[in-house]
Amino acid sequence: MTLGNKKMGRPTDNPKNTSIKFKADDETVSMLKECSKLLEVSQAEILRRGVHRIYDDLKK
């Protein structure tokens, strides 16, 4: 049984292999989408940046 050629993504030093699902209200989702559009990054990247920012603030 052959699985065929498996495509490989871009190499990274920090793989994102965990998925998180959460509920959000419409206003929060709208704000997330707007941030993503204005900064031209993914919604996931906006969330990662937010977590890092809050974490850094807690360490101060």
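The dialogue that follows sets computed values against their definitions.

Guide: This is a predicted model, in which local features need pLDDT of at least 70 and side-chain atom pairs count only at pLDDT 80 or more, while totals for chains, interfaces and linings use all residues. Residues are numbered from 1 along each chain as its sequence is written, and side-chain values use heavy atoms, with hydrogens and water left out.

Visitor: How many helices and strands does the chain have?
Guide: The chain has two helices and zero strands, where helices (H or I, at least four residues) and strands (E, at least two) are DSSP runs numbered from the N terminus.

Visitor: What span should the 14 residues of H1 have?
Guide: The expected span is 1.5 Å times one less than the number of residues, and for H1 that gives 20 Å, which agrees with end C-alpha atoms 20 Å apart.

Visitor: Why is Ser 36 called buried?
Guide: Buried means under 20% relative accessible area, exposed over 50%, and partly exposed in between (1.4 Å probe, protein chains only); Ser 36 has 12%, and is therefore buried. Ser 36 belongs to helix H1, residues 26-39, and, leaving aside neighbours within four places in sequence, Ser 36 is in contact (heavy atoms within 4.5 Å) with Val 41, Ser 42, Gln 43 and Ile 46.

Visitor: How far apart are Arg 48 and Glu 45 in helix H2?
Guide: Arg 48 and Glu 45 are three residues apart in helix H2, and so are separated by about one helical turn; Arg 49 and Glu 45, also in H2, are four residues apart, about one turn of the helix.

Visitor: What makes the pair of Lys 60 and Asp 57 a salt bridge?
Guide: The closest N and O atoms of Lys 60 and Asp 57 are 3.7 Å apart, so the pair falls within the 4 Å limit. Lys 60 is exposed because its relative accessible area is 81%, whereas Asp 57, at 44%, counts as partly exposed.

Key: A salt bridge is a side-chain nitrogen of Lys or Arg within 4 Å of a carboxyl oxygen of Asp or Glu.
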